[in-house]
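Morning, everyone. I'll take you through one model, chain by chain, and then the contact between the chains.

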Amino acid sequence: MNEAPSITLQGSHAIDGRTLFDGITLTLPAAEWTCLLGPSGVGKSTILRLILGLDTAGTFTGSIEASDAKPLDNRISYMAQSDLLLPWLTVLENAVLGARLRDEKPDLDRAQTLLARVGLSDYQTKKPATLSGGMRQRAALARTLMEDRPIVLLDEPFSALDAGTRADMQELAAEVLTGKTVMLVTHDPGEAARMAHQIVLLTPSEAKHWPVPPIPPIRPVDAPETLSAQSELLAHMRGFRA
Amino acid sequence: MRWLYGVAAMVVGLVLWQTIVWITGVPKFILPSPLQVAEAAYTSRALIAEHAMVTITEVIIGLLIGTVLGAVTAIQLASSQTLQRLMLPILVFTQAVPVFALAPILTLWFGYGMASKIVMAVLIIYFPVTSAFHDGLSRVDTGLIDLARTMGATKHQIMRRIRIPHALPSLATGLRLAAVYTPIGAVIGEWVGSSEGLGYLMLLASGRVKIDLMFASLITLAIITVILHTAVGILADRLSRYSQGLTS
């Protein structure tokens, strides 16, 4: 795998003349997790789509650059809140979706290894409809890993899971995505407090850094540092709405 | 067990029919009894079979061509915004022309043989198939398309690997409709001008006041339609189940 670069987004975004965010600078440090929080509609998903190179409503003026100065095309993989598994394919076929889409020969051995790593060895030949929500998200994680890209953008991938499964998935994701530059868009202060090397609060005028707990991620759910960071973050976010 | 209810409903219908004939005493040339129709069907079985084969051929060829044309059109429309904006209003407008009214023209252009009936059947099912399939192709989760784009898939690859399989249940809906419409198209074509087929046989029997033969032809046509609808239904069900990942 190529070295994971850091990414810097600078600029403004407006939809029909209405400013979404203006003059912000957001840096995703290389090989670290950045958790992006902020109230709904502030443009978190827009930032994610901009970095992914997908269409957005409105226009962006500014720049998105990697520290190695190479283009970002085909260097980012994406995981969404919905697992986006294709119902007519098996778990194994879904894991190699990228290769199938590009009409390449899929590396099935590697897919099987990755599925084993996310604990789905026994479900390779099953269709997604027969899997639980947590298992489906693990299959989506295997598909993300299969693309083997240095940058990974996650759009609330664990928010639809029950609390226990979510905590498990956070640990699994932290483990398997080590060494990649990750941005996690989340609404959950607890998730940010556990996962982040860097916490960024997005407002219309700035991408503000929030202090991370003093112990390295991934932090235990019940560590006092995690819990106090979570409650302070939550108190601050509720202030946003007041 | 569902077929048992179907059989029961048929028996009730036949009994009702026979009872009406008995009570009202309508003459045979207005409404023959089920027994008389059965008798006519048996004695004219070779004749009915010969004409039924013609209609069946028209229906199957019409269904195949109509489905393929409709599916290809839907894929083309879904692939190009420009084409869609240009063609969709035209397609909808053509639906304002009653297709049945075209039958005499089709006979004029394509002759008294099978061709005009096949064209008629194709015209009748083309729009429902196109419209249903296009609807499905357009309603694919945008998240899936985004994911595929980040994976570096081209528009064609996304169409082939995601949008088409995803839209199969909608194509199945179009096929079910087509299975009902195709025999109508073929028979109307036969009424307007032909020398063979069940539609022709019905007109012929009617003209010679062989109402029992007319009814026998009608019932044969109904049976063909039901069989076709069932067969297409099984295929449509498979397509839907495949797309939803419900097959093993």
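Let's start with overall size. Chain A has 242 residues, and a compact globule of that length would have a radius of gyration near 18 Å; chain A has 18 Å, so the two agree. Keep in mind that this is a predicted model. Along its principal axes, the C-alpha trace of chain A spans about 50 × 40 × 30 Å.

What is chain A built from? Eight helices and nine strands. How much of it is buried? Of its 242 residues, 43% count as buried. Now sequence separation. Take the contacts in chain A with a separation of 6 or more: residues 24 or more positions apart account for 70% of them.

Next, domains in chain A. The domain assignment gives domain 1 as 16-75 + 150-242, and domain 2 as 83-148. So much for the bounds; where do the centres sit? Taken over C-alpha atoms, the centres of domain 1 and domain 2 of chain A are separated by 25 Å. The two domains do touch: 10 residues of domain 1 of chain A are in contact with nine residues of domain 2 of chain A. Which element gives the largest share on the domain 1 side? Helix α6 of chain A, residues 163-176, with five residues. By class, that domain 1 side has nine nonpolar residues, one polar and no charged.

On to chain B. Its domain assignment gives domain 1 as 1-31 and domain 2 as 32-243. The C-alpha centres of these two domains of chain B lie 30 Å apart. Seven residues from domain 1 of chain B and seven residues from domain 2 of chain B make the contact. The domain 1 side here divides into five nonpolar, one polar and one charged.

Last item: the contact between the chains. Chain B brings 19 residues and chain A brings 22 residues. Which elements of chain B give two or more residues to the side that touches chain A? They are α7 (142-150), α8 (155-192) and α10 (211-243). The largest share of that side comes from α7(B), with seven residues. And the classes? On the side of chain B that touches chain A, nine residues are nonpolar, seven are polar and three are charged.

One remark on interfaces in general. Their size is often given as the accessible area lost when the parts come together. Today I've given residue counts for the contact instead: 19 from chain B, 22 from chain A.

That's the tour. Thank you.

How values were computed. Residues numbered from 1 in each chain as written. Chains lettered and ligands numbered in written order. Predicted model: local features only at pLDDT ≥ 70, side-chain atom pairs only at ≥ 80, totals over all residues. Helix = DSSP H or I, 4+ residues; strand = E, 2+ residues; numbered from the N terminus. Nonpolar A, V, L, I, M, F, W, Y, C, P; charged D, E, K, R; others polar. Domains from an automatic or database assignment. Rg over C-alpha atoms; globule rule 2.2 N^0.38 Å. Buried ≥ 20, exposed ≤ 12 C-beta atoms within 10 Å, placed from the backbone.
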